[in-house]
Amino acid sequence: MDHPSLGNNRPARLAGKRLAIWLWMLGLWPGLGWGQAPAQTDSLHHLWQQADQPKAVRLEALDQWIADALIPDQLDSVGPYARQQLRWAEAQDQPLYAARAQVTLGLAYREQSQVDSATFFLSAALARYDKLNVPQERAATALKRAQTLRVTGDYAEAIKDFFASLKAGERLGDSAMIAASTMGIGLTYRTQGDMDLAMAYLQRSQVAYQSIGDLAPQVKILNNLAIIRLMARDPAGARASFEEALAAAAAQDDSSSQITLLLNLGGIVAQMGDTDQAMTYLKRCYALAEAQDRRSTMATSLRNIAGVHKMRGEDAQVIAYGRQALALAESLSEIKLMEVLSAEMQESYEALGQYKEALAMHELHVAMRDSVRSANNPKETMRQQMAYEFEKKALEDSLNYVQEQAATTLVYQKQVSNRNYLLLGGLLLAGLGFGAVRYRQQLRLREREAARQQAQARQAQLEELDALKSTFFTNLSREFRTPLTVIMGMARQLPATQTQTAQLITRNGQRLLRLINQLLDLARLEAQSLPLTYIQADILPQFRYLIASLAPLASQRQIDLRLESPLPELVMDHDPGKIQDILSNLIGNALKFTPEGGEVNVRVEADEAAARLQVAIRDTGPGIPQAELPQIFDRFFQGGDSDRDTSSGVGLALVKGLIDQMGGEISVESQPGAGSCFRFWLPIRRIAPQEEVRIEPILEAPTAPAVLPEATASAEERPRVLIIEDQADVITYLAALLGPEYELLTATDGEAGLALAQAEVPDLVVCYVMLPLRDGYAVTQSLKTHPSTSHIPIVMLTARADQADRMAGLAQGADAYLTKPFHQEELLLRLRKLLELRQTLQARYRGEADSPPAEEKAAPSRPTLDDLFLEQIRETLRERLADPTLSIHDLCEAVHLTRTQVYRKIKALTGQTPTLYIRSARLRQARHLLETTALTISEVAYDCGFHDPNYFSRVFLEEFGERPTATREV
């Protein structure tokens, strides 16, 4: 019951406050001020505390006092009052007040990040409101629970509540509720990855807020629209939205949002090539951050300004701004930012030839990287604990061994006396057999001598053949250098518009030239004509420089490459060029075969007692089979994985030859799945003349990620092709070849390619056979046996040309099998023919769908996954054809696939979008009913799921070229 002095107008008086609460819970209300007079609030507080008043009166006063005085300013302390209200309301049988108390408790728990409790109380309130006739409060509570469920990640239930509040807002004419609901729907769809729906609802929310004159949420909405456009590869649209959001933030004097937007704009405008405007945005961001003393943002702005200078090739400016950013990051102990800055400044120092400073930046980068990993990962602590446990177990095993040896010694002493007696008898027998053994030894000596002579003759023949082979490779290698000189020289003459093509040709030419040089050096080693030029100098800078040079490649692949040495320096005789050949081969191989996230450790020590340098290069790669270890240093030896482009069988043979010539040794330890460790040692001598080391740059630059060409047509007009290939240069070549006709997706390993194919459902897949993590055969089998991807044509690329390999690929379901090097015309023709074949398949499925339900053909004896998929879709349509709410979401639930997968699979199999496919099914059934029944046109429209007969007639005309009346007359 309501007290006469308070009246029964609480919903009307609190309507404005509830709108403010909705906006505040969405994070769109910067601050709430209440119009309630202090005197009235104090009187309410006094009234609900008076024990002599009836509990119903006190309950109403407590309810309004909570709404006026506590929400949302003191949500963290509202709990006790709301619980009191709930107890009184239940005792007085007042479900409305009980529901309001549960809403208050739900908001309080959500403020404390206890989302499970918040969801419980809000759900309980909704259950009470379902029995009450208060649609405004019920819809507001549904909106609050939707916002809470979105925080917990229960997006399906959140969407239901958002739509419920949206429908209520439309029914009640509440524009504020419509604005808040559509914004929540848009943000939820964005989180789920459905960018089209997210953009549609966010734009509707923007219009709704504008209609009620509330401009506060505009910044957040525009920022989300910009991010969606950026993810949709629309940088121009994203830039426009960011700039509109920036203008809205400036109009509201929201400097905090301006800083964030300026930082985003600087990055996207720089990527679009407008570096001048990007610099303007970033400097404005820095000025605003400095005015607010936001030192972290100042450091980030300076780092981005340095990045823009890097894009311009202004390395001196990169270093100047980088130093300022590094000083700020150091003062704030922002280790991650220091790690990034040190890596970027190292590149600029190297470009300017300041190698000492570059080395300092590299060491800082390694230190910061290790700090980040040790802070985020307790792996090192676990390693130390495991080492302790191992040493403890080793000590226990040693003690047990000593005890066992003592017991064994006692037993042995007892057995010795018995053996002495047996020994005398044995001597007598040995004397008798000595003559026979001696005779047999003479025979064996003669046989061995004959075998030795035969082996010498065979060895002489092999050496002669080997010399001929070496001469052949030497002459062939020299012949290769002339065309290579022309190819690399002409690449430098290409126009500036073909810079990427020139770099691709030059880089692969350098790889081939390096292989040729190794072949020549190997031939000279075997002919003992390769000279060594020793100097006496510190050898450690060569290790440091090589590690620093390969650091960008390791960082790109997230490989932990580190150099460990207890030595500050090590002066010894060595040939710098040959040392660089040895290290670049061994460390380069370790990086090539180590997967992403692995480790490569180079340990350098000196054994002064033995006067030798010891080097160990350990990786966490796949390892080498034990059967291949004895042949690993043989010339032209390749392991069982001969399809890889990364092994020529020359590098390790050259390494061993150089180390042998220097008087050292090399060995390898490896176990499949546990990585490999190459160890070599060289003698330490100090007799050569002292000279300064001149380190030559590494010939082959690290491979950069492939750059896809810009689209020449819209994505809707071009088929989508997924390229799965681990060689960046091959991806770049394929992208240049396919880019004008296809929309391209790329992946560099089998796991990533499989995941991308299932998520995006491309029209075609071009897959390399030998891939990291999962090979092309396994990828093909998985794609062909998954319902969402079984229809996709697959073209396999490989260096294996054997018939057995081709049959293995086709057996897994590949539609075409091309060997490297392939003709680009053949690849393009294969892809076009596969698309034409899919169009034929679409015509077949459309033809089956055109048959009315009663006359459908019998299913094939061995239906494919695609047949089963479409049969499930058609069965769902038959069951719910009269339901006008039937949509793609219902089809997704029927086949247990995502919206993207269902959309692209139906489009690929039928050539129609799911919406058009559903509409066509309705129209085909309608035509059947018009031809076979006496139902009116309106009745047919309603029976087939159309809620508007006029709309039905219009789309019927579009589908069949005649109106329903004409069909009925026929």
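Predicted model: local features only at pLDDT ≥ 70, side-chain atom pairs only at ≥ 80, totals over all residues.
Modeller: A crossing is left-handed if the near helix is turned anticlockwise from the far one by less than a right angle, and right-handed if clockwise. Numbering runs from 1 along each chain as its sequence is written, and side-chain values use heavy atoms, without hydrogens or water.

Colleague: OK, which hand does the crossing of α11 and α13 have?

Modeller: Helix α11 covers residues 218–231 and helix α13 residues 255–271, with their axes 12 Å apart. They pack at about 20°, which makes them roughly parallel (under 35 degrees). Their crossing is left-handed.

Colleague: And which residues of α13 make the contact with α11?

Modeller: Contact means heavy atoms within 4.5 Å. From α11 come V219, N223 and L230.

Colleague: Is R83 buried, exposed or partly exposed?

Modeller: R83 sits in helix α4, residues 79–91. Beyond four places in sequence, R83 touches L105, Y109 and F121. Its relative accessible area is 34%, and since buried means under 20% and exposed over 50%, R83 is partly exposed.

Colleague: What is the mean pLDDT of the chain?

Modeller: Residues 1–41 are below 50, and residues 641–646 stay under 50 too. Still, 72% of the chain's residues reach 70 or more, and the mean is 75.

Terms used: Axes fitted to C-alpha atoms, helices over the stretch in contact; angles between N-to-C directions. Helix = DSSP H or I, 4+ residues; strand = E, 2+ residues; numbered from the N terminus. Parallel < 35°, antiparallel > 145°, perpendicular 65-115°, else oblique. Buried < 20%, exposed > 50% of the residue type's maximum accessible area, 1.4 Å probe, protein only. pLDDT = per-residue confidence, 0-100.
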